[in-house]
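I write down what I looked up, entry by entry.

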Protein chains: 2
Amino acid sequence: MKKHNFSAGPCILPQEALQQASQAILNFNNDNLSLIEISHRSQPFIDVMDKARSLVKELLEIPEGYSILFLQGGASLEFLMAPLNLMQNEGKAAYTNTGAWAKKAITEANNIGEVIVVGDSSDKNYNYIPKGYQIPNDVDYFHCTSNNTIYGTQMKEFPSCPTLMVCDMSSDIFSRKINVNNFDLIYAGAQKNMGPAGTTLVILKDEILGKTERKIPTMLDYKTHIKKDSMFNTPPVFPIYVSMLNLQWLKDLGGIETIEKINQEKAKILYAEIDRNPLFTGTANKEDRSNMNICFLLKDASKEELFNQLCDDAGINGIKGHRSVGGYRASIYNAMPIDSVKVLIDIMKKIK
Amino acid sequence: MKKHNFSAGPCILPQEALQQASQAILNFNNDNLSLIEISHRSQPFIDVMDKARSLVKELLEIPEGYSILFLQGGASLEFLMAPLNLMQNEGKAAYTNTGAWAKKAITEANNIGEVIVVGDSSDKNYNYIPKGYQIPNDVDYFHCTSNNTIYGTQMKEFPSCPTLMVCDMSSDIFSRKINVNNFDLIYAGAQKNMGPAGTTLVILKDEILGKTERKIPTMLDYKTHIKKDSMFNTPPVFPIYVSMLNLQWLKDLGGIETIEKINQEKAKILYAEIDRNPLFTGTANKEDRSNMNICFLLKDASKEELFNQLCDDAGINGIKGHRSVGGYRASIYNAMPIDSVKVLIDIMKKIK
């Protein structure tokens with residue numbers, strides 16, 4: 001039975017990418033060797049790395065003066081690397097607290113320097129995006145999370161920023177147009193719109209580095225990885241390869257402009273059903289609703305069993321909400337076809 | 001044409017593991033979902049992680065009181081994590097300097113505390129393993145590298161150690177019997193005898209942690225990952241899965257005892273040819289020769305072209321030596337069949 005994979009991450013990837021990845025495990029590049037048993041210093045893998053980088057550059061229209069890195073450790077390690085690389089000794093940074101991941105980023109930065117929380121939606125279980133806050137001039141950088149996977153909220157606009165702009169885009173990168181010029185450091189764990197778990201994309205403006213006197217450990221220093229084109233040590237070969245395939249799929253589809261329209265349409269029809277159907281209610285503030293993670297509650301608990309059963313019967317996977325919100329979460333990342341969203345909507349219409 | 005993959009890492013993996021991995025990319029666990037698109041919190045992946053851990057425990061006969069972790073960042077990040085977790089404030093540690101990776105480990109530890117180099121083979125381009133050194137009583141730990149991939153040397157015995165014993169076993173773990181009781185912390189990048197690039201195995205005695213007053217960043221604190229069974233953040237799903245397949249292959253083959261005999265035999269016949277054949281010479285001190293990475297020179301440079309051509313024609317891959325040693329390096333990890341070693345030996349016999 002065909003599955004409709006609404007998992008929050010790791011999550012759905014295009015079938016074309018999965019087919020090619022499966023083949024490359026057996027025989028990559030027609031060399032009769034597996035992708036995962038060749039040297040990362042061999043030309044076939046250097047070509048993969050180069051292509052992955054150039055696809056990121058092209059899809060996001062990254063200007064000159066930025067480096068593109070494929071690292072390890074997920075956004076969780078970036079929570080540490082960002083302050084280590086950008087905060088002065090006894091420095092400070094401004095953060096928005098918009099969810100569980102933002103909170104972890106704050107905790108980590110707080111151990112390096114001082115964090116000023118300039119916007120905070122924890123008072124309402126993170127169901128909205130704080131706005132209208134002032135970012136102080138005298139901080140080393142400002143940090144925000146563009147999309148909050150657990151709570152289904154998304155920044156529709158980014159504040160004007162008098163300091164370095166740092167953004168965790170783990171769950172909505174490549175899903176919509178962004179102006180990279182407005183950011184100094186962007187990072188994203190791969191396992192949503194970019195690829196499988198195991199690599200982290202980092203995009204950063206080169207000139208922001210080297211301004212702190214802090215001694216940064218080698219592996220946590222962005223300069224280490226820039227100098228060696230993300231090959232200071234053995235890179236996570238397979239996750240980078242599948243990311244490359246996935247980005248090629250996105251390019252072939254028409255790039256960010258095309259996928260953004262598709263993503264908007266998918267989200268629009270699903271939110272429309274949530275708003276129309278008296279059995280359901282969305283959990284996020286309407287104007288801050290995420291186009292990636294759509295969180296909703298079934299108001300009548302007695303109907304949960306039926307709804308879950310119908311979802312199961314239809315092959316719907318990974319729709320259970322995070323325990324801190326409850327209810328349901330439909331993650332509809334780039335690779336999610338609109339037809340799968342319609343399958344879910346049909347079930348929502350069906351239960352009475 | 002069948003390839004004989006002598007790459008130093010990433011390197012050869014068993015065909016059975018590659019076949020299963022390829023299939024899991026398309027349809028894992030008969031769920032009609034790819035392994036790389038399911039949640040790492042789903043039972044099928046938790047089962048993978050549990051199985052990988054229990055195979056490590058069984059194969060290495062790891063006693064109670066040790067934790068087994070699958071992390072990211074390779075041995076390079078462990079070079080930092082080991083001193084961060086084990087060194088006291090203003091503490092010191094003893095290291096052996098036996099190669100390029102040992103040297104990097106020393107550099108990193110030196111930024112955290114004081115390093116005392118107790119054994120050093122850099123005077124002879126690391127072609128031997130230092131012995132007879134004394135490990136001071138008053139250091140926080142002793143660190144060594146069991147096998148030096150680039151230089152083809154291997155510790156045949158480990159010194160008696162009056163302090164914590166830390167070992168980087170990246171390139172020979174699972175290749176021979178070790179007594180885990182004699183070690184407090186073992187780490188290994190996966191991409192040799194364990195699996196594909198992208199995960200790091202860490203085995204550590206729980207009681208050694210929590211003894212430093214240093215504030216350790218969350219992601220670099222072993223306790224973080226022990227508490228969450230290596231799932232504090234999204235783990236590198238695919239590299240862990242393939243590691244599990246590879247360890248299952250090793251278990252089915254008969255475990256460490258069996259593979260150690262096979263590895264000894266492979267190394268023995270190749271070194272025998274190097275010693276017999278007047279055209280070749282080994283680069284490592286005989287008593288310290290690695291059973292994993294066999295480094296040798298072709299004495300007559302005019303025959304290089306022919307030798308390279310014969311190797312190419314036979315499907316031999318990845319045999320070029322590291323630039324810091326030159327010549328050739330045949331890496332004959334666990335998955336390398338003895339028949340492939342014989343193909344190489346036949347070529348060595350052939351050239352005159």
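Where is the place of A:Pro10 in chain A? I found A:Pro10 in the loop between strand 1 (4-5) and helix 1 (15-26) of chain A, where helices (H or I, at least four residues) and strands (E, at least two) are DSSP runs, numbered from the N terminus.

Entry on the ground rules. I note that this is a predicted model, in which local features need pLDDT of at least 70 and side-chain atom pairs count only at pLDDT 80 or more, while totals for chains, interfaces and linings use all residues. Residues are numbered from 1 along each chain as its sequence is written, and chains are lettered from A and ligands numbered from 1 in the order in which they are written.

Entry on the backbone. I looked up the peptide bond from A:Gly9 to A:Pro10 and noted that it is cis, with omega near -5°. In chain B, the bond from B:Gly9 to B:Pro10 is cis, with omega near -5°, and B:Pro10 lies in the loop between strand 1 (4-5) and helix 1 of chain B. I wrote beside this that most residues other than glycine have a negative phi, and most peptide bonds are trans. Then I turned to phi: A:Asn125, which is not a glycine, has a positive value near 50°, and A:Asn125 sits in the loop between strand 4 and strand 5 of chain A. A:Asn125 counts as partly exposed because it has 13 C-beta neighbours inside 10 Å; a residue is buried if 20 or more other C-beta atoms lie within 10 Å of its own, exposed if 12 or fewer, and partly exposed in between, with C-beta atoms placed from the backbone. B:Asn30 also is not a glycine and has a positive phi of about 55°; B:Asn30 lies in the loop between helix 1 and helix 2 (43-59) of chain B, and is exposed because 7 other C-beta atoms are within 10 Å.

Entry on helix 4 of chain A. In this helix (residues 100-110), I found that A:Trp101, A:Ala102, A:Ala105, A:Glu108 and A:Ala109 are buried. They lie on the same side of helix 4 of chain A because they cover an arc of only 125° around the axis, the arc being that of the directions from the helix axis to the C-beta atoms. The buried residues of helix 4 pack against several elements of chain A, among them helix 3 (74-86) and strand 3 (92-97).

Entry on the strands. In chain A, strand 12 and strand 14 run antiparallel and are joined by four bridges (two strands pair if DSSP finds at least two bridges between them), and A:Cys295 has A:Arg329 of strand 14 as its bridge partner. From strand 14 (residues 328-331) of chain A, A:Tyr328 and A:Ala330 point one way and A:Arg329 and A:Ser331 the other way, and all are buried. In chain B, strand 12 (residues 293-298) is largely enclosed by the rest of the structure, because five of its six residues are buried. Strand 11 (residues 280-282) of chain B runs antiparallel to strand 12 of chain B, with three bridges between them, and B:Gly282 is opposite B:Phe296.

Entry on the core. The largest nonpolar core has 224 residues, and A:Leu201, A:Tyr241, B:Leu201 and B:Tyr241 are those with the most contacts inside it; such a core is a set of buried Ala, Val, Leu, Ile, Met, Phe, Trp, Tyr and Cys residues joined through C-beta atoms within 7 Å. Leaving aside neighbours within four places in sequence, B:Leu201 is in contact with residues including B:Val56, B:Phe70 and B:Met194, where contact requires C-beta atoms, placed from the backbone, to lie within 7 Å.

Entry on the two chains. How many residues does the contact take from chain B and from chain A? I noted 50 residues from chain B and 49 residues from chain A. Helix 1 of chain B gives the most to the side of chain B that touches chain A, with five residues. The copies meet through the same surface, because 98% of the interface residues of chain B are also interface residues in chain A. A rotation of 180° with 0.0 Å of shift along its axis superposes chain B on chain A (RMSD 0.0 Å), by least squares on the C-alpha atoms of residues with pLDDT of at least 70 in both. That is the relation of a two-fold axis. Of the residues of chain B, B:Ser22 comes closest to the rotation axis, at 2.2 Å (C-alpha).

Technical notes. Two residues are in contact if their C-beta atoms, placed from the backbone, lie within 7 Å.
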